[in-house]
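Here is a short tour of some strands, rings and side-chain contacts, written to be read with the structure open beside you.

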Amino acid sequence: MSEKNEILLKVNKVYQPPQRVLEKALITKEEFDEMYKRSIENPEDFWADIAEKELHWFKKWDKVFEWNYPKYQWFIGGKLNITYNCLDRHVENGRRNKLAYIWVDEDGNEKKYTYGELLDLVNKIANGLKELGVKKGDRVVIYMPLVVEQLASMLACARIGAIHSVVYAGFSSNALRMRIEDAKAKVVITSTWTKRRGKKIDLKSVVDEAVDGLNFVENIVVLQREGDEFELEEKEIDFNEWIKDKSTHCEPEIMDAEDPLFILYTSGSTGKPKGVLHTTGGYNLYTHVTTKYVFDIHEDDIFWCTADPGWITGHSYMVYGPLSVGTTSVIAEGAPDHPDPGRWWSIVEKYKVNIFYTAPTAVRLFMKYGEEWPKKYDLSSLRILGSVGEPINPEAWIWYYENIGRGQCSIVDTWWQTETGGHMITTVPAYPQKPGKAGKPFFGIEADVVDKEGKPVEPNKVGYLVIKKPWPSALRTCWGEPERFEKYWSEIGKYYFAGDMATKDEDGYIMILGRADDVINVSGHRIGTAEVESALVSHPAVAEAAVIGKPHEIKGESIKAFVILKQGYEPSESLAKDIKMHVRHELGALAVPDEIEFVEKLPKTRSGKIMRRVLKAKELGMPLGDTSTLED
């Protein structure tokens with residue numbers, strides 16, 4: 001990598017946490033460092049101590065941790081139920097009337113649920129599932145809009161020990177069918193429609209098509225939304241009728257710490273999606289602890305994670321983490337910019353949101369609309385801003401900090417994956433922040449940047465991101481495909497290889513550069529797609545960009561950029577030339593794209609990640625592979 005590129009990896013400005021954040025912070029920088037040191041030197045004592053303080057166990061574990069490479073277990077012999085930790089204990093400890101969720105839609109309708117009401121709803125659904133013959137270990141697929149009934153259905157499965165598999169309500173019937181078939185789901189829970197940009201999107205017909213001929217699916221439960229009166233076929237049950245007379249009491253199933261909790265399918269770059277399996281105890285503990293410390297949750301906080309439960313972010317930081325900690329969450333159905341680009345900021349203002357967690361894609365969308373939109377709203381309640389889903393480029397980071405946080409919030413950039421279950425690398429709020437760098441490993445996480453042989457690379461050199469030892473919320477297997485699980489632990493030494501390229505600076509801050517297959521090799525120099533994209537979007541005309549490497553007979557690979565322009569700019573030869581000059585100035589001649597194609601939109605997963613491999617496959621005339629996670 002050229003010297004100029006090496007320098008760019010050192011983000012120059014360090015942002016100190018604002019005083020108002022430091023005054024409230026649950027842990028100081030020094031306390032975090034001390035706890036981290038303990039978590040690495042004596043992980044078993046560390047996690048046992050936290051597990052005892054933070055969670056309710058029906059029976060304490062016999063052994064904290066066991067690792068027979070590559071298999072591992074946590075809290076062996078421990079008994080608990082995650083819904084007891086998320087609901088019952090709060091209700092019993094005087095929080096029955098505390099709000100659990102505030103739900104809003106695009107039309108400004110709202111519904112509020114207290115912890116007591118949510119527990120009643122969860123128990124009714126759990127009793128309904130039992131009546132349908134669903135037992136511990138059975139699989140239930142949930143394909144629903146972002147409504148509280150969706151979250152309650154997940155919790156109802158966990159209540160009785162059934163394994164839920166949530167499928168984002170935007171997947172095609174083929175993608176849904178593959179997941180129902182793979183999990184051999186006994187029951188599918190769905191709804192009649194969801195609404196996005198003012199349009200009703202039919203969900204029921206997608207399910208009808210997906211389950212056609214699948215005899216193992218015994219029932220389909222349908223949530224009819226306002227005004228719907230569909231004629232239901234055999235096997236189909238009306239959700240509201242189903243739970244109407246059910247008891248609000250359901251004993252939580254006593255689960256072993258290693259009993260399965262859910263399967264979540266994640267797109268593989270090749271072949272069919274992997275069914276990532278998470279278990280109960282370690283996942284409950286890790287999502288609880290990361291929610292508490294990374295988002296600095298206090299008793300009176302209002303938390304808003306803008307994800308969808310169809311993704312791991314929704315599982316960990318809309319459902320299990322926030323409820324286990326006992327906080328109040330906002331959930332919003334619909335598009336971020338409908339009916340206008342001020343929608344999200346009006347919600348922050350109305351509910352006085354303190355902690356806001358979203359994706360860089362959303363931040364860049366709002367950058368495109370300009371700073372006058374957030375300026376219209378009072379965002380002074382915000383204290384912590386989070387970023388998730390992909391690396392946030394420094395330009396977007398600074399825009400977020402200045403225009404949404406008004407320079408008064410800490411930004412926690414979180415790196416993690418479906419497979420990791422919770423945050424792995426981040427800067428807790430009391431820590432100095434470096435734009436574009438995720439930060440430091442969280443408690444118990446030994447992360448390093450290494451070469452192909454597993455040897456650490458020098459500071460600021462590009463290498464592979466690995467995790468040296470298992471952590472409590474790590475995936476336990478890939479459903480029905482243990483060999484795919486083993487691959488995570490065998491590609492680079494005996495480390496967990498996340499599939500990402502990264503660099504680590506002198507202070508130990510880690511910067512994620514994108515997937516290993518998103519690194520372009522130009523004339524023997526490795527260039528991360530994230531770097532080039534960052535340089536592109538720092539041009540005043542560019543709203544979003546994606547770059548790919550193309551085979552080149554002299555350089556090995558050449559760079560092609562796909563660019564979306566901001567409003568008010570028109571594609572032209574001279575603009576393309578100007579953008580290339582800008583990249584040259586930012587990154588050096590090596591990183592200048594040979595080609596720039598102006599496009600209206602980019603292929604993205606529904607969690608906001610740009611699918612560069614789809615762009616590449618299309619460009620090179622190759623098969624597109626698994627596109628079930630593609631948004632459009």
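Ala474 touches Tyr72, His278, Glu419 and Thr420, leaving aside residues up to four places away in sequence. You will find Ala474 in the loop between β24 and β25 (477-478). Please keep in mind that this is a predicted model. Is Ala474 buried or exposed? Ala474 is buried, because its relative accessible area is 0% and buried means under 20%. Another residue to look for here is Val276: Ala474 and Val276 are 198 residues apart in sequence, yet their C-alpha atoms are 9.8 Å apart in space.

**Strands and their partners**

Strand β24 (residues 463-467) runs antiparallel to β23, and 4 bridges join the two. Within this pairing, Val450 stands opposite Tyr464 in β24. Which way do the residues of β23 (residues 447-450) point? Ala447 and Val449 point one way, while Asp448 and Val450 point the other way, and all of them are buried. In a regular strand the side chains alternate between the two faces of the sheet.

Met501 stands opposite Gly514 in β27. The two strands β26 and β27 form a hairpin with 5 residues between them, and Gly508 in the turn has a positive phi of about 85°. Strand β27 (residues 510-515) is mostly covered, with 5 of its 6 residues buried.

**Aromatic rings**

How many aromatic pairs are there? The count comes to 46. One of them joins Phe295 and Phe303, a tilted pair with 4.9 Å from centre to centre and 55° between the planes. Phe295 counts as buried because its relative accessibility is 0%, and Phe303 is buried with a relative accessible area of 0% as well.

Phe295 has a further ring partner in Tyr317: the ring centres are 5.7 Å apart and the planes stand at 75°, so this pair is edge-to-face. The angle is what decides the label, because planes over 60 degrees apart count as edge-to-face. Tyr317 counts as buried, since its relative accessibility is 0%.

Elsewhere, ring pairs link a cluster whose members include Phe32, Tyr36, Trp47, Tyr286, Phe442 and Tyr509.

| Charged residue | Ring | Distance from ring centre |
|---|---|---|
| Lys13 | Tyr15 | 4.5 Å |
| Arg179 | Phe171 | 4.3 Å |

**A buried lysine**

Let us finish with Lys604, found in the loop between β32 (595-598) and α20 (612-619). Why does Lys604 count as buried? Its relative accessibility is 12%, and the cut-off for buried is under 20%. Which side chain makes a polar contact with the side chain of Lys604? The partner is Glu544, at 2.8 Å. Glu544 is also on the list of residues that Lys604 touches, along with Thr361, Lys609, Ile610, Met611, Thr629, Leu630 and Glu631, again not counting residues up to four places away in sequence.

How values were computed: Residues are numbered from 1 along each chain as its sequence is written. This is a predicted model: local features need pLDDT of at least 70, side-chain atom pairs count only at pLDDT 80 or more; totals for chains, interfaces and linings use all residues. Side-chain values use heavy atoms; hydrogens and water are left out. Buried means under 20% relative accessible area, exposed over 50%, partly exposed in between (1.4 Å probe, protein chains only). Two strands pair if DSSP finds at least two bridges between them. Contact means heavy atoms within 4.5 Å. Rings of Phe, Tyr and Trp (its six-membered ring) pair if their centres lie within 6.5 Å; planes under 30 degrees apart count as stacked, over 60 as edge-to-face and the rest as tilted. A charge sits over a ring if NZ of Lys or CZ of Arg is within 6 Å of the ring centre and within 35 degrees of the ring normal. A polar contact is a pair of N or O atoms within 3.5 Å; within protein, one must be able to donate a hydrogen and the other to accept it, and residues adjacent in sequence count only if both atoms are side-chain atoms.
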